[in-house]
Amino acid sequence: LKGKRGISFGEIARAAYDEGRGRLATELLNYEPQAGKQVPLLLNMEEDSIALDKAIESGDTDLVFHVLLHLKKKLPLASLFRTINSRPMAVALVESSAMDQDWELLKDLYYQDDRRLDGSNLLLAEALAQTETTPKIEKLRMAAKLLQDSRENAFQVKAIDEEQRLLRMQDAFDKDLADQHNRFAGLSVNETMFRLIKMGSAKRAQRVVSEFKVPEKTYWWVRLRALVAKRDWH
Amino acid sequence: MAPHASINTQDIADKARRDLLQLLEGVRGKKNLVIEKALAGPVGLFVKFSTLQEYGVDRVFFLENDNVDSSQRNVIFLSRAEKAKQAQSIAGQIKRLRRTGSTDHEFSVFWVPRRTLVCDQILEEAGVLGEVNALEFPVYFVPLEKDVLSLELDDSFSDLYLRKDPASMFLAARALMLLQQSHGLFPRILGKGDNAKRLADLLTRMRSEQDVTSSADSSAGSIPSRLGLTPSMAIDSLIIIDREIDLPTVLLTQLTYEGLIDEVFTVQNNQAEVDSSIVGAPPSQNTSSSSKDASQPSKTSALKRKIQLDSSDKLYAQLRDTNFAIVGGLLSKVARRLQADYESRHKANQTTSELRDFVAKLPGYQAEQASLKVHTSLAEEIMKHTRSDLFSRVLEVQQNLAAGSDPSIMHDNIEELIARDCPLTAVLRLLCLESCIANGLRPKDLDIFKRSILHAYGHQHLLTFAALEKIGLLTARTTSAAGYLLPTAGSGGGAAGGGPRVTNYNAVRKTLKLIVDEVNESDPNDIAYVFSGYAPLSVRLVQAVIQKTALAQSSSATRGLAATAPPASAAGTASQGWTGFESALASIRGATVDETQVGSSKDAMRARSVLAGGGGAGQEKTTVVFFLGGVTFAEIAALRFVAAREEGRRRIVVATTGIVAGDRVVGAAIEKRGFGAS
């Protein structure tokens, strides 16, 4: 029969399965070119991983999602992760959809796969979503902790640490130079210096320079811009 | 249906409009339309709001605003079905209306381009699936121009390369499949890049699926496909370019008029939003006023005005693809001609018939004058940008990097730009450009740049860096993914081990002559004019297929030579495909695709060739160039330049998942939130 046009192996396979001959049905399905017809049947037959493979082969993301949602309901998370792990497209789709709706799932996924940088970035993003400084710093601390003992992430750890110090410093500035409409919290290092100079508080700006080891050239450019802005103001 | 008529983009628009209106007719009575924001623009390309009103649409709401009201009984949702987010939002709104609405609503959803299992599942879980009338609205390509088809998927770049979500690839395959159904199989599929390979595989796969559906039941069978598909007579090949193989082209600042409009104002769905203080207020002001008062800040300066940018405007059609350097000259030429035309009529012997002629032409003059005024103001505004110090600094760095000079010389420049608070997108484009061209940055340099960017723009950009690295735009040199491709390694492209490698620009720059120093901008002799000296690699690859001789000679090509020498490849179909450029291809990232499609049944093929007779052979054929992951306006201009050279022998139709530009590519990675209290 193979090679003839217009023969639906899907239907033959379904018949075979209905007759209770599961193995034969699976075998026959290999000849069915339309993934749309293979996949639901395979799920029916509980051939989960084959169904997933066929869906991925078809390139139809809708089918892949369909299988994934099915699996997610059926399997415990850990074995779901194990199933998708060897299939990059499935992982990508799970990640991409979880990014929109299910962060906890994502955390578990990264934890199980030991993808520390991704996990840490997730916490970083959560820190951005916080409205108060204290919980922000707390999330940052957790993000840094995840990465602590690996050398390759040294830069990341240092940067996260820097942001914590910056946030504390800005909190202090906000208290000293209370201005409800122009808070310091959340500004970048350069922006902080810029505003301090513009406000005429060069001493505090110098403190920022030494705390974060701002290169001299950068400082001079920032100062120049701030002074120009100041003159324009008057 | 004439099976092998050449591709006419107007037909596609007509079909989309018919389909939509038919769906609207299916819902009786007046209705409110709730449309996904990202779909409103593309839909606007083929149907007018007034037409929708004729079909009973009372008010239009955006899905994202969540503010549809109960003024009409019928509520129609129009949304893409590939993203779960939209389905959830629809489900939420249906529930809200059911709770608060006074009337008993009837809901319809038109899924674009198809109904998906996932969306059904979401609606079911929300308990609203039963009362929703779900229909499919199969739009894939929308025509932006006669020679440009786009899926208008705005986030296809980040979906494909950041999230590795192949949904847009699947849609692209479907869209190309539809083209094949109406115009015949692409006789040859050429492509470069791993995703191009995947897309080509999908096309083959869908074809075999098609073979089954055609004789069994037909879920996809609106097109009569009793006969298997045969190779097209009107199309000679499909060339698929994966965006990933040539990222620098997107990162460079485009220097054509349309490209710069996109860089400065952003063009979406053939429209740009421009501050009305720049181009003058939208109402029909007295057109005789000079362009000067348009640039004066008017009272309505806060308002934005939408400007239509397509080739129905003759002046724009003439300007869009030219290098910006000569736009000023062209504008003044047109202005002078208009002036002369206008005055000559006054002097003419004032017989009544001549006057009548003049009056009949008057609306044309006024339209032209209005368009001239708009483009003069736009050009002036762009000039302000291009004359600024930062702009020329950025351009200087770009040109040096593209030309292959030692990138570390440019580092001071970039540092200064950061300290001067140049827009983050511009800085990142430069760093990514360096990384893509020079195979990653030295780890030490990269850390220094990262630090100064964090300091200047905020530490939230740690996430930005993570995203850029995932896309492969900004990497450290030691990372294995950034290994150079040696010309000898992996003749089969992706077959060579070691994971994905990047394009080796040092090799390609020479073999494909990416740098053309003597390019003439006012009368261009090479596609390199679109970047004032740099020829986009992507378009060079297209030339490697269809303009072999011209490309091979292009080192010696003076202006006259290239124009008069007809490519020998046009004569011999034997040397089609990538022949002659294999070594260049080997140093470009990803797999190389070269497939020939033959008809599934010989009888049908013979019958068709008899029907077509000898006449079909000589006619000009269409080459479809598909950009997976987006195309820039500069590349479109370059392809139009190639098409003009091939006129009579070949038409080029550009198809893409969407229009991209550097800011949007880098912007896909940029973390938008800050550490401030929100």
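Predicted model: local features only at pLDDT ≥ 70, side-chain atom pairs only at ≥ 80, totals over all residues.

Residues are numbered from 1 along each chain as its sequence is written, chains are lettered from A and ligands numbered from 1 in written order, and side-chain values use heavy atoms, without hydrogens and water.

Domain bounds come from an automatic or database assignment.

| Domain of chain B | Residues |
|---|---|
| domain 1 | 9-138 |
| domain 2 | 140-214 + 228-246 + 503-561 + 576-677 |
| domain 3 | 251-279 + 304-344 + 354-387 |
| domain 4 | 390-480 |

Take domain 1 and domain 2 of chain B. Their centres, taken over C-alpha atoms, lie 33 Å apart. In contact (heavy atoms within 4.5 Å) are 13 residues of domain 1 and 19 residues of domain 2.

The pair buries about 1300 Å². Buried area is the accessible area (1.4 Å probe) lost on putting two parts together, summed over both. Carbon and sulfur atoms give 66% of it. On the domain 1 side, Thr9(B), Ile12(B) and Lys83(B) lose the most area, together 36% of what that side buries.

Two residue pairs are in polar contact, both at pLDDT 80 or more. That term means N or O atoms within 3.5 Å, within protein one able to donate a hydrogen and the other to accept it, with sequence neighbours counted only if both atoms are side-chain atoms.
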